[in-house]
Amino acid sequence: NTLLEKEKLKNELENKNRQLAANAIHLAQRNDKIEEYILRMKERPEILKSSLLTKQLDQLKVILTKEDSSDDFLTHFQEINSRFINSLKEKHNDLTLNDIRYISYIYMNLSTKEIASIFNITIEACRKRKERISKKMNLSNSNDLYNYISSI
């Protein structure tokens with residue numbers, strides 16, 4: 001009976017993590033489309049003539065890159081995976097919130113491309129971040145990160 005309960009809870013946890021990942025990816029894709037649209041608008045001659053419009057488009061772009069949803073994501077992820085986050089913080093107290101957020105996406109088994117899209121960075125920058133975080137966690141190889149955090 002308790003084994004069945006554990007399995008049920010594990011499945012619920014995985015479902016909630018999948019929902020979080022799907023929401024994060026959806027937001028990132030939506031933001032990419034908006035950013036692309038802003039860039040196309042800035043190329044139009046009638047907009048280039050207006051410094052006010054150009055400035056407003058730049059402000060829109062800044063809003064997109066602020067990652068406002070990050071705290072929201074981390075709050076939800078922490079509620080669902082509190083034991084994992086607490087263990088991670090205990091073992092590696094020098095991790096920043098952004099590091100933990102990045103690790104959370106890896107924990108949810110998102111690809112480098114998906115994570116790069118969520119953080120609004122290049123795939124190469126995403127790989128470098130993974131290497132930096134792995135080094136911070138004293139892992140010899142950044143490819144070990146997923147296996148390591150899965151065991152926490």
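Here is a short tour of a pocket, some helices and a few loop residues.

**Before we start.** This is a predicted model, in which local features need pLDDT of at least 70 and side-chain atom pairs count only at pLDDT 80 or more, while totals for chains, interfaces and linings use all residues. Residues are numbered from 1 along each chain as its sequence is written, and side-chain values use heavy atoms, with hydrogens and water left out.

**Stop 1: the largest pocket.** Select Leu-13, Asn-17, Ile-80, Asn-81 and Tyr-107, which lie nearest the centre of the largest pocket among its 21 lining residues. The elements that give two or more residues to this lining are α1 (2-42), α5 (82-91) and α9 (145-150); helices here are DSSP runs (H or I, at least four residues), numbered from the N terminus. Colour α1 next: nine residues of the lining come from it, the largest share.

The pocket holds about 660 Å³ of space. That volume is the space filled by probe spheres set on grid points, which are joined across faces, edges and corners. A pocket is an open set of points on a 1 Å grid over the protein atoms alone, where a 1.4 Å probe fits, with protein on both sides within 12 Å along at least five of seven lines; lining residues have an atom within 4 Å of a point.

What classes of residue make up the lining? There are nine nonpolar, six polar and six charged residues. Ala, Val, Leu, Ile, Met, Phe, Trp, Tyr, Cys and Pro count as nonpolar, Asp, Glu, Lys and Arg as charged, and the others, Gly among them, as polar.

**Stop 2: Arg-83.** Now pick Arg-83 in helix α5. Is Arg-83 buried or exposed? Its relative accessibility is 74%, so Arg-83 counts as exposed (buried is under 20% relative accessible area, exposed over 50%, partly exposed in between, with a 1.4 Å probe and protein chains only).

**Stop 3: α1 against α7.** Show α1 together with helix α7 (residues 112-119); their axes come within 8 Å and cross at roughly 60 degrees. That angle makes α1 oblique to α7 (under 35 degrees is roughly parallel, over 145 roughly antiparallel, 65 to 115 roughly perpendicular, and the rest oblique). Axes are lines fitted to C-alpha atoms, for helices over the stretch in contact, with angles from 0 to 180 degrees between N-to-C directions.

Stop 4: Select helix α6 (residues 97-107), where eight of the eleven residues are buried. Among them are Ile-100, Tyr-102, Ile-103 and Tyr-105. In the loop between α5 and α6 you will find Thr-96, partly exposed at 36% relative accessibility. Thr-96 and Ile-133 are 37 residues apart in sequence, with 9.6 Å between their C-alpha atoms.

**Stop 5: two asparagines in loops.** Select Asn-109, in the loop between α6 and α7. Its phi is near 65 degrees, a positive value in a residue other than glycine, and Asn-109 is exposed at 54% relative accessibility. Then jump to Asn-138, in the loop between α8 (123-136) and α9. Asn-138 is not a glycine either, yet has a positive phi of about 60 degrees; with a relative accessible area of 70%, Asn-138 is exposed.
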